[in-house]
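Dear colleague,

I am handing over the structure we spoke about, and my notes on it follow directly below.

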Amino acid sequence: MMRQYELAERVHAYDPEADETLLNRAYVFAMKAHGNQRRASGDPYFSHPLEVAGICTELKLDVDTVVTALLHDTIEDTETTYDDIKRLFGEDIAALVDGVTKLSKLELQSERTKDAENFRKFVLAISDDVRVLLVKLADRLHNMRTLAHIPKPEKRQRIAQETMDIYAPLAGRMGMHELREELEDLAFRELNPDARDSIVKRQEFLAAASGGRVARITDEIKRVLTAAGIEAWVRGRQKRPFSIWRKMQEKSISFEQLSDIMGFRVVVGSLADCYKALGVLHMTWRLVPGRFKDYISLRKPNGYQSLHTTIVGPDNARIEVQIRTVEMNDIAERGVAAHWSYKDHVTSIQDGQSPYAFLQRLGEMAREGETLEDVIENTKLELFQDQVFCFTPKGDLIALPKGATPIDFGYAVHTDVGNQCVGARINGRAAPLRTQLNNGDEVEIVRSKSQTPQPAWEAMVVTGKARSAIRRHIRSVHRAELVKIGKRIAEKAFLEADQELTDKGVEEAIKRLKYAKAEDLFAAVGQGQIALRDVVAAVFPESVDAASGKRGRASGNGSAKLIPIRGLTAGVSYHLGECCHPLPGDRIVGILEPGQGVVVHTIDCDRLVASQDHPERWLDLRWESFAADRQQATARLRVDLKNEPGALATLCTIIAKAQGNISNLKVTDRSTSFFQFEVDIEVRDVKHVTNIMTALRASPVVSSVERSRE
Ligand code: MN
């Protein structure tokens, strides 16, 4: 265990003015408070807060934060109260410890139904003072490092999943990349040990086969730079297994196709040396086109700066090299934690885009968000997505999540710009509104005063701001259309029951079915929320049999499953398209097929073309993000398998290991070297199927895997 004086020395190494007595008091206090408590590993409990404090000193955080780390579990796990801490260590530290305690309590309630409210509390606690989050991240890192000692597998899984979903992305948003990568890899180890093992084995195999290649390349880069008179620190490393796994998933490629399984970093003394070193590397080795990025001239919103280039380097290896100064390196690794050392740089980050602003925005949304689900969904979306940086014609930087379109861009500039956009010019060329924006794009929005937000836009946007603005507008217009179509459908249903829908009949129906006004009833019909025969029965009870006889299939879709979808109200009859097999997590739309209910399609389903001329039938749907017990859905994959013994068995094993259940399998094509299969697999959601697909791609017997869209 780290000794009292060692901790003080560590802090003094980066902050000579740190209050040593305060540190010592906290050390002794926490040690006494935890007394004989033990951790799951058998270690004295106090070793945990001490390690967390140690991580905080690696991040070079201020004394109050290190003290908070020492005390962070005292209120939760010992007799100590908030008032004790306040009396002994002052109000600031008490508030920090209290903040961390609140976060720890949230983890204890693990029921899925409480997630939403928990997440709101979580956001409020971390948006108050960023140091609460920093201590919590350090706490989580130590808990993840010692996760194996927890005996219950479910508990380990839950903690690992939470780390992957919430803490690692948050660390990334805070610019703390080292921490993020370690958290992710530790979680990956728990969540998907088979996948991780196979990647580690491939890495080990390659390392052995290449005989110290990383070291050789590192030395060669260093030699070339030194010869050019540049003093540099060069470090090479294998990428972490999870980074490789993610790349494989993102790009849908196999391990062999990955070019950058090794990363190299060149750290130099000055800004000028960064460009000098880049010049030397490009003159010595060939540049791989399209991979060069200058994040020095164009700083990332979280403050990250570096030059990235990929070269065909020493040993003929395609390698990515990052070049930066010592200071940039520090900010790259420690993110907001570097704030205390380089205050001016972090605060000079563009307003509204710094990690702080991000936290504040989270807090504001949690306080006054339209609905809780929206806050969660939007914040989670923002957390997960990487960003692209685009420019207005005037040169203002607009940061958007990856996958954003000109419509997102318009709304990011101003709601009016979004509402009125009819077209876009990207880098001077006219481009469709659904175009995904790339880093560095200059985007000009073409506006028209007569334009209004279109229903189809919702499937094209990824930002919360754009989505909620579009929804707000569409909800009003859409309703009017639903009422119209609902009325038409109802009239037709009455006719088919040999009756007429009169004003008096409507009066009767809304009274019996408990709607406030006729419009509400028609909207419900238009949306498929109420079965037509119930409407007919409300007016003409005796004609029900006849009506249900004719329209029996209207509400009895055998394949309808109760997978929660937002945009439909409970009890709506719908089914998932047999054409595209939408999965929870896919972007979806509903098509109202009169007399049939709603058919759900993925937004890229070919069948949608047929409904293009009926915008009034399109429903904006989204999967419920916090569904309790999800039912299984069926994904259809098209797999090309090498025609060799055992290949099919391998395929089945991989799918089974990834907890997929094969419900149907058929050969669609075969040649001497390949088999093509169509495989139906029961899965939880799109993430689940993506995992299975990546696992398949990692296998040498699989040559390609795609989801079937038709
Ligand atoms: Mn703890």
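Tyr 304 counts as buried at 8% relative accessibility, where buried means under 20% relative accessible area, exposed means over 50% and partly exposed lies in between, with a 1.4 Å probe and protein chains only. Tyr 295 is likewise buried, with a relative accessible area of 9%. The rings of Tyr 295 and Tyr 304 have their centres 6.0 Å apart and their planes at 70°, so this pair is edge-to-face; rings of Phe, Tyr and Trp (the six-membered ring of Trp) pair if their centres lie within 6.5 Å, and planes under 30 degrees apart count as stacked, over 60 as edge-to-face and the rest as tilted.

Before going further, please note that this is a predicted model, in which local features need pLDDT of at least 70 and side-chain atom pairs count only at pLDDT 80 or more, whereas totals for chains, interfaces and linings use all residues. Residues are numbered from 1 along each chain as its sequence is written, and side-chain values use heavy atoms, with hydrogens and water left out.

The structure holds six aromatic pairs. In one of them, the ring centres of Phe 188 and Trp 245 are 5.6 Å apart and the planes stand at 35°, so the pair is tilted. Phe 188 belongs to helix α10 (residues 177-191) and Trp 245 to helix α13 (residues 241-251), so the pair ties together parts that are 57 residues apart in sequence; helices (H or I, at least four residues) and strands (E, at least two) are DSSP runs, numbered from the N terminus. Phe 188 counts as buried at 2% relative accessibility, and Trp 245 does at 4%. Together with Phe 242, Phe 188 and Trp 245 form one aromatic cluster.

Turning to charged side chains, a salt bridge is taken as a side-chain nitrogen of Lys or Arg within 4 Å of a carboxyl oxygen of Asp or Glu, and by this rule the count comes to 27. One of them joins Glu 182 to Arg 145, with the closest N and O atoms 2.7 Å apart. This pair links distant parts of the chain, since Glu 182 is in helix α10 and Arg 145 is in helix α8 (residues 130-145), 37 residues apart. Arg 145 is partly exposed, with a relative accessible area of 39%.

Asp 330 and Arg 334 also form a salt bridge, their closest N and O atoms being 2.6 Å apart. Being four residues apart in helix α15 (residues 326-334), Asp 330 and Arg 334 are separated by about one helical turn. Asp 330 is buried at a relative accessible area of 12%, and Arg 334 is buried at 5%. A further salt bridge brings together the side chains of Glu 458 and Arg 467 (3.6 Å, N to O), where Glu 458 is buried with a relative accessible area of 7% and Arg 467 counts as buried at 10%. Salt bridges that share partners also join Arg 636, Arg 638, Lys 666, Glu 678 and Asp 680 into one network.

The manganese ion is coordinated by His 48 (NE2), His 72 (NE2), Asp 73 (OD) and Asp 139 (OD), at 2.2 to 2.5 Å. Donors are N, O and S atoms within 2.8 Å of the metal (3.2 Å for Na, K and Ca), and sites may look incomplete because water is not among the atoms. Along the chain, the donors of the manganese ion follow the spacing H-x23-H-D-x65-D. Both His 72 and Asp 73 are buried.

As for strands, two of them pair if DSSP finds at least two bridges between them. Strand β9 (residues 421-426) runs antiparallel to strand β11 (residues 443-447), joined by five bridges, and the bridge partner of Arg 425 in β11 is Glu 444. Three bridges join β9 to strand β10 (residues 429-431), again antiparallel, with Ala 424 opposite Ala 431 in β10. β9 and β10 form a hairpin with two residues between them, and Asn 427 in the turn has a positive phi of about 50°.

With regards
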